[in-house]
Amino acid sequence: MVAVHHTPLIATIDQGTTSSRCLILDAAGQVLGSAQFEHEQIFPRQGWVEHDALEIWDNVRRAVSAAMVEIDAAPQDVGAIGLTNQRETAVVWDKRTGRPIHNAIVWQDTRTADVAGDDPRRWLERTGLLANSYPAGPKIAWILDHVDGARQRAEAGELLAGTMDTWLLWNLTGGAAGDAGRPALHVTDVTNASRTLLMDLRTLQWDPQLCEEVGVPPAMLPEIRPSIGEFGRARSRGILPGVPITGVLGDQQAALFGQACFAEGDAKNTYGTGLFMLLNTGPTPHISRHGLLTTVAWQVAGQAPVYALEGSVAVGGSLIQWLRDQLGIVRDAAESETLAAQVDDSAGVYIVPAFSGLFAPRWRADARGVIVGLTRYVDRRHLARAALEATCLQTLEVTEAMSADSGVAPERLRVDGGMVANDLLMQLQADVLGMDVQRPANIETTALGAAYAAGLGEGIFSSLEEIAGLVGVERSWSPTMGDKDRRKLVDGWNTAVEKSYGLAD
Ligand code: ADP
């Protein structure tokens with residue numbers, strides 16, 4: 001079908017929470033083909049979320065094969081493999097059979113929420129993480145504590161553990177059978193390792209004391225590697241035989257890389273169900289005083305790591321879904337824009353979407369959602385606009401927390417995710433932040449980031465500058481709101497947020 005490829009090609013695997021995808025790019029960074037398969041979401045009880053790791057590995061193989069067939073490419077045309085994955089999802093498997101001993105415990109699963117008792121900041125200085133339900137290490141420990149005999153088998157070296165990247169790399173490089181007499185690779189990259197609660201953020205090594213306290217035997221953990229550089233080669237008789245794997249990044253870090261946020265002070269925000277913002281803080285890990293996480297952004301082999309501050313907002317696009325499904329004031333998400341555009345302002349209405357409390361940077365579990373400032377004049381157009389403003393104002397709060405923690409203020413914000421189709425939202429975001437907002441030509445930033453990383457690791461791309469040149473800005477918005485209006489909007493928001501406090505126990 002596609003006659004000319006600029007070889008070598010790059011195959012990128014994007015293993016996400018709901019599906020596994022493969023994108024094939026050429027050496028000029030153009031996407032030639034892709035394929036995607038969804039996997040089952042398993043909910044054994046309230047708050048628990050699991051995946052079948054074997055189903056996911058199978059889907060990854062099928063996605064790679066289907067994408068290769070789509071563009072009629074031969075394995076020898078592929079020069080590098082990149083991998084990005086759902087972060088913090090934990091797998092424990094039998095080294096000899098290659099079978100997981102339990103379903104993978106997914107990042108969203110809350111069963112390990114009380115890992116640090118009532119002190120979520122217990123390991124903050126060493127790991128950059130809050131000890132809440134997300135990190136992968138306590139999920140591994142949970143499996144060892146709940147599968148018969150697992151802990152003894154782990155200590156005897158019979159079991160292997162890892163995040164999704166580790167599981168896929170082990171399988172890609174041969175699994176239980178190994179490859180041509182060599183055992184499969186049991187490795188992870190620094191960005192994934194930085195989400196376990198087991199890695200020292202500064203030495204980039206497993207910390208024996210953390211492993212002890214969380215309850216994970218170090219013997220079952222993978223070797224931590226830089227994100228960019230050769231990890232190993234895919235199994236010689238498998239899919240993509242002998243192709244080097246040269247870039248591995250957790251999904252949000254991949255998006256940061258895919259947005260070419262290469263300089264200290266570069267930031268991206270992903271507007272999906274929730275909001276995920278990352279700020280590149282360069283070679284220094286800044287431990288947050290404002291409820292943000294500190295994480296490794298990436299590391300090129302032989303170079304110092306690059307760190308990032310990360311802030312998540314629980315309710316982003318899901319507020320638009322709520323307008324659609326619960327209130328019924330829009331028929332689809334796009335209508336939030338056409339409605340909101342019919343009025344010049346939200347008439348003093350604020351929606352604080354604290355559906356399950358407020359996360360970064362306020363961390364108020366006692367908050368619940370409020371709509372304030374209602375008058376008889378207000379109609380659904382103002383509510384739609386207030387919903388978009390809430391998204392922008394929550395992003396402002398995270399941005400300000402990041403600057404306060406690091407002393408680094410971004411000059412512009414790069415954006416991606418489903419909500420960025422909303423042009424009015426983008427203009428409002430530029431207004432509220434008082435900075436330019438840039439939308440890339442291709443918003444598949446996660447998959448692209450892993451592909452760029454792999455291309456850099458293999459030398460297909462020679463430098464970060466070359467990659468930055470591939471990332472085109474499709475559209476940019478500059479602030480148009482006056483300072484006075486902006487201050488009024490932010491002041492009103494702060495008053496509204498205070499009204500949300502104390503509404504839950
Ligand atoms: P996720 O990856 O978290 O599933 P996506 O990046 O696919 O999310 O984005 C989907 C979200 O974006 C949904 O919550 C949806 O309500 C919201 N969304 C999609 N299009 C628009 C739009 N035009 N305006 C506002 N929100 C939108």
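Reply:
**Aromatic rings**

Trp170 has a relative accessible area of 3% and is buried (under 20%; exposed is over 50%, partly exposed lies in between; 1.4 Å probe, protein chains only). This is a predicted model: local features need pLDDT of at least 70, side-chain atom pairs count only at pLDDT 80 or more, and totals for chains, interfaces and linings use all residues. Numbering starts from 1 along each chain as its sequence is written, and side-chain values use heavy atoms, leaving out hydrogens and water.

The whole structure holds eleven aromatic pairs. Trp167 and Trp170 make a stacked one, 6.4 Å centre to centre with 20° between the planes. Pairing takes Phe, Tyr or Trp rings (for Trp the six-membered ring) with centres within 6.5 Å; planes under 30 degrees apart are stacked, over 60 edge-to-face, the rest tilted.

Trp167 and Trp170 sit three residues apart in helix 5 (residues 164-172), about one helical turn. Helices (H or I, at least four residues) and strands (E, at least two) are DSSP runs, numbered from the N terminus. Trp167 is buried at 0%.

Phe262 and Trp298 are edge-to-face: 5.9 Å between centres, 90° between planes. This pair links distant parts of the chain, 36 residues apart: Phe262 lies in the loop between helix 8 and strand 13 (267-271), Trp298 in strand 15 (residues 293-298). Phe262 is buried at 17% relative accessibility. Trp298 is buried too, at 3%.
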